[in-house]
Structure formats: C-alpha cells, structure tokens
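Me: Please take a close look at one part of this model, the place where two of its chains meet. Keep it brisk, and give the cut-offs.

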Amino acid sequence: MVRVQVGALRQVVPDSLAFCWTIVRDDENMADAELELEFVAAEVACRGCGQQSEIESRWSVACPRCQSADVAVVRGEEFLVTSVDVT
Amino acid sequence: MGRFHRHDDGTQHDHEHDHEHDHGDHRGYATGTERIEVLEAIFAENDNRAEINRTAFESNGIRALNLMSSPGSGKTTVLAGTLDALAGEFAVGIVEGDIATDLDAAKLGGRGAQISLLNTSNGFGGECHLDASMVHRALDGLDLPALDLVIIENVGNLVCPAEFDVGEHAKAMVYSVTEGEDKPLKYPVMFRSVDVLLLNKIDLIPHLDADVDTYISRVREVNPGARILPVSARTGEGMNEWFDWLREFARPR
C-alpha cells in the first residue's frame, strides 16, 4: 500500500494516476499493491481580512470571504508519498 | 528495493535494502505489515536537479528565466525582438525547447546569442515540457562563463511546464490575445506560477471582441501579483517595457 497526498492546486488527475498505477503494479508483478490517494483541499490565508479559508473555486485562489487576491496558499499544493506499507 | 539518492558530496547511487532495521513496536500488526513514513515530494528528484542548475547559473553570475506559453503565442518572435534589442548589452544564452525541429533555433540564430537546442524527441512525439535534467543537459551546449542571462524557451504548452522547476530565477509567459480572454481561468496553475506576463499580439485587438483590460483583469483573478506587459512583438509596441524588465532582471547581484 502506497499513500499519496494530492493537493487541489496540483494538475494531477486522480483517475489517470490510479490507472497508471495498475499498469506499473502489474508490470512489477505486485498484483496486490494498492494506491491510496488522499485529496487535500486548497486553503488560503488572506492578508486583507486575516481569515484562513478553504477555497471552492476551480481557478481563483482569491479569499472567499472578502474576495481579496492578496492571499498565501496554505494547503493544496501537496504531491507527496506520505507512507508505504510493506508486508 | 533500490533507492536512488544523493550525498552531500554530490555522488549518487542506489542501495539494496538488505539489512535489518528496528522499526519499533509492531505488536499491533498481526498481519506482519509495517508502515514506513515517507513524506517525500514526488517532484523531489526534479527539484534537486533544478537546484544543481541554479547553482551552475549562480556560480557563473547568470540570471535564468523560464519562458512559457501555449503553442503559437509568439514566444519566438518575442525572443527574436529581444535579442535584436539587447544582445549588444549583455551576453544571452537561449535554451530552445521544442518537441521536434530546429525551426525556432534557426529563427533565433545570427542575433548575437548562444543557442542550445533541446528537442524532447527524436522523430515522433516527445515530452510536452522541459524538466530540470533536460535543461541540465542543454547547458552543455552553452559557454556559461561567457553569459549574463539565460532564457529557457519551454515547450509550447499551458499545463505541464508549470509544474517543473528547471533552475530558473523567475518564470515568464507569453499570452496572446488570440488565445481568448478565458485562458487564465482554464489554466490557472500556469498563470499563477509566473512573475511576469507578456500580453502579446495587442495589434490584433481591433479584430477581437475583448479589450486589453478584460485580458488583464482575467489574469489578475488568478495572479494578482504578476507584472503584466501588453505588447506586440510584431509591431514593437510595448516592447521597451519588457526590455526594461529584463535589464533589471539580468542585473548582476
């Protein structure tokens, strides 16, 4: 089992990643190996209103409370292998 | 299982993982499974190599710019005009990334810059972006000690190039008005990644349905901090602001 974190702001397509995993897994003769994708929602800290909030927009990282674009991305850019289970 | 890694002295190799470890208390794991915390960025290997490129640039007093765009936005025309204006002021090297052909390299030849062509394929298809190790290879084609500025012309593509650090000090993009004013919203990762954006082909605005301000406000929605420079590489309009930006960027530091 390999656990991977994927942030909402990365251009990673979960279905494609899962599909490619099955090819690599079979090629490596590890038919039982699983991939677990953990999706991380994007979150921004706004310098305008001081609030930290999750964003739902597909394109804009502007603060959903005050619409300010002066924000720092706190989460959502992850693309990490977090852990591996070895049997 | 081999694991590729690098030591502080620059050597790198794989290890067979064949020795015994004590991984703590496993009494809870009746299945004999152990969990290994990794927390490693999937881009770590690229980022390490990008750092090697950056060090190579800096040890030669070079500033490096990663220039990205969609295909046909006018990157090469912008670069041709840039070399004509600036090649006498500082020594420029171009890493010319393309899937195939040397057409762009030929277009930029004879304008006073060193050019290293980097085709991502030999013949049919190829990578849609440049990564740090490809750029590292292309640097062999440049005489780095003689250069002040390296511009890496990425493969025309609004998606993948945004994800790969190649060792640059800033990212720039060319966005032409004929691509449509909705592109920043459709390719937000690319538009958000850049420090400076050339809004190109503004000489064609009279033939389009949107004005320059509309394009600028769409870019601002995804990237409020970028420097936006409306230009026409064809007529030369606005290009002086771009040259000034580059002069400041290329200033030795």
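Reply: Leu80(A) has Ala41(B) as its bridge partner in β3(B). That bridge belongs to a strand pairing: β6(A) and β3(B), residues 34-41, run antiparallel over six bridges. Two strands count as paired if DSSP finds at least two bridges between them. Strands (E, at least two residues) and helices (H or I, at least four) are DSSP runs, numbered from the N terminus.

The model is predicted: local features need pLDDT of at least 70, side-chain atom pairs count only at pLDDT 80 or more, and totals for chains, interfaces and linings use all residues. Residues are numbered from 1 along each chain as its sequence is written, chains are lettered from A and ligands numbered from 1 in the order written, and side-chain values use heavy atoms, without hydrogens and water.

Now the whole contact. Chain A gives 20 residues and chain B gives 26, with contact meaning heavy atoms within 4.5 Å. About 2000 Å² is buried between the two chains, 54% of it from carbon and sulfur atoms. Buried area is the accessible area (1.4 Å probe) that two parts lose on being put together, summed over both. Of the area that chain A buries against chain B, 32% comes from Gln11(A), Trp59(A) and Phe79(A), more than from any other three residues.

Next, the polar side. Twelve residue pairs are in polar contact between chain A and chain B, both residues at pLDDT 80 or more. A polar contact is a pair of N or O atoms within 3.5 Å; within protein, one must be able to donate a hydrogen and the other to accept it, and residues adjacent in sequence count only if both atoms are side-chain atoms. The elements of chain A that give two or more residues to this side are β1 (2-7) and β6 (79-86). β6(A) has the largest share, eight residues. By type, the side of chain A that touches chain B divides into ten nonpolar, five polar and five charged residues. Here Ala, Val, Leu, Ile, Met, Phe, Trp, Tyr, Cys and Pro are nonpolar, Asp, Glu, Lys and Arg charged, and the others, Gly among them, polar.

Two salt bridges link chain A and chain B. Each needs a side-chain nitrogen of Lys or Arg within 4 Å of a carboxyl oxygen of Asp or Glu. Asp85(A) and Arg35(B) form one, at 3.4 Å, N to O.
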